[in-house]
Amino acid sequence: TQNQGRHLKEVLRLDHHGALSHLEPVSLRACRDFAGFRRIDPRFVVTGAADADATFAIAALAGLLPTPGPGSQLLPDARLLDLARIVAQSDLAPFARRWEESEAGLLLLCYKQRMKNGRHDAAAFCAGVECWRELVTDPPHDLLATVRAEETARVALARQATVVRLGPDVAFVECPAWGWDVWYAEIAPVIVAYVRESGRCSIGCRDQQTAVRLFGSDGLLGVARVL
C-alpha cells in the first residue's frame with residue numbers, strides 16, 4: 001500500500017551518524033533486517049568514501065549477497081551475519097580487535113586492501129559492492145592466507161617502532177608501517193607518529209572519550225587550532 005511504501009522509505013533511510021548515532025551500523029541492519037529489499041530497484045544515494053560498512057549494506061539491500069529475499073522468515077546465514085557484525089564493529093571501533101584472527105575479519109581486511117584508494121565517486125561504490133559480492137560468494141582462500149601473512153608482518157613491524165614517551169597518555173612513535181591499532185592498544189591512548197621517509201607527522205587519539213578528556217570538548221580540533 002501507499003502507507004507501507006512511505007514507511008519503507010523511512011526505514012531504509014539508513015544511517016548511524018550524528019543524530020542517528022544511537023542506531024546500529026547500516027551493514028548489520030541491512031543484512032539482518034532488510035536483505036534484498038532493493039533487489040528490484042537497486043538505486044542508492046550515498047555520501048563520503050566507499051567504506052566497508054556502506055558498500056556491504058548496499059550489496060545486502062540489492063540482493064547481491066546470499067541472503068533471503070523480502071518477506072522471508074529466515075535469517076541470513078550465520079556466517080554472513082557474523083561478517084556483517086564484524087564490518088559494523090570495525091566501522092564503530094576500528095581498533096577494537098585483531099581482525100586477522102577470524103575468517104570474517106580476514107574478509108574485511110581483504111576488502112580494505114582492495115579498496116584502499118579511498119575514492120569518493122560512484123565508480124568506487126560500484127567497485128566496493130562488487131568486491132563484497134565476490135568475497136562472500138567465492139572467498140579467495142589463497143588471497144586470504146596472503147592477507148593474514150601481510151597483516152602479521154605489519155603488526156610485527158609496528159611493534160618494532162621507536163617509542164619516546166611524552167607523558168602518561170602520550171607517546172611519540174617513529175615507524176614506516178601503519179600501526180595505530182597496535183600503538184593505541186600497547187603503547188598509549190594518544191600517539192604522535194612520524195614517518196621519516198615522507199616527513200609526515202600525524203596526531204591521533206584512541207577514541208573520542210580520550211580526546212575530550214585530554215584536550216577539552218573540541219578534542220583534536222582544539223589541538224589543530226593550537227598548531
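Me: Which residues does Thr55 touch, not counting residues up to four places away in sequence?

Reply: In this predicted model, Thr55 touches Ala50, Tyr111, Phe125, Gly128, Val129 and Trp132. Each has heavy atoms within 4.5 Å of it, as a contact requires.

Me: Why is Thr55 called buried?

Reply: The cut-off is under 20% relative accessible area. Thr55 has 0%. Therefore Thr55 counts as buried.

Me: What makes the pairing of the Thr55 and Trp132 side chains a polar contact?

Reply: The limit for a pair of N or O atoms is 3.5 Å. The two side chains meet at 3.2 Å, so the pair qualifies.

Me: What does the side chain of Thr55 reach on the backbone?

Reply: The backbone oxygen of Ala52, at 3.4 Å. That is also within the 3.5 Å limit. Thr55 sits in helix 3, residues 52-61.

Me: How do you know that Asp207 caps helix 9?

Reply: Helix 9 covers residues 208-215. A side-chain oxygen of Asp207 lies 3.4 Å from the backbone nitrogen of Gln209.

Me: What follows helix 9?

Reply: Gly216, with a positive phi near 95 degrees.

Me: How much of the chain counts as buried?

Reply: Of its 227 residues, 40%. Each of these falls under 20% relative accessible area.

Me: How many helices and strands does the chain have?

Reply: There are 10 helices and 4 strands. From the N terminus, the order is α-α-α-α-α-α-α-β-β-α-β-β-α-α.

Terms used
Residues numbered from 1 in each chain as written. Predicted model: local features only at pLDDT ≥ 70, side-chain atom pairs only at ≥ 80, totals over all residues. Heavy atoms only, no water. Helix = DSSP H or I, 4+ residues; strand = E, 2+ residues; numbered from the N terminus. Buried < 20%, exposed > 50% of the residue type's maximum accessible area, 1.4 Å probe, protein only. Polar contact = N/O pair within 3.5 Å; in protein donor to acceptor, adjacent residues only side chain to side chain.
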